[in-house]
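Dear colleague,

I am passing on the structure we spoke about, together with some notes on one part of it. Please open it beside this message and follow along as you read.

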Amino acid sequence: MPPHPETWLRVTPEGLHCLPGGFTIDPVRPVGRAVITHGHGDHARPGHAAVLATPETLAIMRARLGEGRAGEAQQAIRPGEEVVQNGVRIRAAPAGHVLGSAQICLEWQGSRAVVSGDYKRMRDPTCAPFEPVPCDVFVTEATFGLPIFCHPPPEGEIARLLRSVALFPERTHVVGCYALGKCQRLIALLREAGWDRPIHLHGALMSLCALYEQLGVKLGELRPATVADKASLRGAIVLAPPSAVADRWARRLAEPVVAVASGWMRVRQRARLRGVELPLVVSDHADWPELNRTVDEVGAPEVWVTHGRDDALIHAMAKRGIRGRALHLIGLGEEEEDAAAPRPAAEPATAEGAEA
Ligand SMILES: [Zn+2]
Ligand SMILES: [Zn+2]
């Protein structure tokens, strides 16, 4: 009988640690051996000795953290490949979250656990779609683990943005979005919707867009958004980090229409308090139906929830005979940019998911 994953996969202060393999997945502190699911700051941290991740995630880590801090030894694993570490078989499967994002599939002595990292099931033209992998324990996030979170199709949200641009051709539409993943997904969706004019970017978004292009994701013509050039930005779409949208930078644009693209925009009160005129519900995290569907598809009798709204998900799974366990991993769901933005007092801080 294969050993239960809880005997060989443990929660430590560094994160989820594989005992026989001697590595930690998405560690929050520097470790000897790290396996990284994707490039967001709460998962890919600096200072590990050895890093195993997809080639795209390694490239994103080098770009964001600097060559020296992105792992002294970097090893790439592509979906479909297998790396064996002290008898533990490691494979990567697409997570559909951002470019390079991967679920880490582990097998030891016939016992299988899949650590999904962050994921979503809705279509994203900038990354490979999530692949359900059967396992004994599935490890999931629950950023949007409440029944109220039911995200609309992103194409409809992009259509709302383009309708507003058509309605207010004299105004500059500035869209707050996270620099890694959300920004490039919005650009790709705008291109699919037929927007072939240049898209203007706040300086903080330029380098990751260039990296996506290098990695083969076509984004069309991108230009730096210089506020000095106010007149030429009338009628334009400008993408900027959420923090820049809230501050004076955005107010210096021509009669800006302030939009933010995030799963959190489903909470209207949050949009209002942040002064967002055009909230766009575009999420890179699974919503409530996607979380439940995914858990059912992987067919694991037991599901561990890393962070987010674990109680509602665990309750819903229990009714279907799936054993749920809250891991309460620290440091996840805390991405830098949204954390700086004002948070409505009525919402608990623990529910924040910046790169949502
Ligand atoms: Zn993420
Ligand atoms: Zn995350």
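In what sense do strand S7 (residues 82–85) and S8 pair, and over how many bridges? Keeping in mind that this is a predicted model, the two strands pair in the antiparallel sense, over 4 bridges. Within this pairing, Glu82 stands opposite Arg91 in S8, while Gln85 stands opposite Val88 in S8. The two strands form a hairpin with 2 residues between them, and Asn86, which lies in the turn, has a positive phi of about 50°.

S8 also pairs with strand S9 (residues 102–108), again in the antiparallel sense, here over 6 bridges, and in this pairing Ile90 stands opposite Leu106 in S9. Of the 7 residues of S8 (residues 88–94), 5 are buried, so this strand is largely enclosed by the rest of the structure.

These strands belong to an open sheet of 7 strands with mixed pairing, and its order is S7-S8-S9-S10-S11-S18-S19. S7 and strand S19 (323–326) stand at the edges, and because each has a single partner strand, one side of each is left without a neighbour in the sheet. From one strand to the next, the twist averages 25°.

Helix H9 (residues 310–318) lies across S11, S18 and S19, and runs at about 160° to S18.

With best wishes

Methods
Residues are numbered from 1 along each chain as its sequence is written. Chains are lettered from A and ligands numbered from 1 in the order in which they are written. This is a predicted model: local features need pLDDT of at least 70, side-chain atom pairs count only at pLDDT 80 or more; totals for chains, interfaces and linings use all residues. Side-chain values use heavy atoms; hydrogens and water are left out. Buried means under 20% relative accessible area, exposed over 50%, partly exposed in between (1.4 Å probe, protein chains only). Two strands pair if DSSP finds at least two bridges between them. Axes are lines fitted to C-alpha atoms, for helices over the stretch in contact, and angles run from 0 to 180 degrees between N-to-C directions. Contact means heavy atoms within 4.5 Å.
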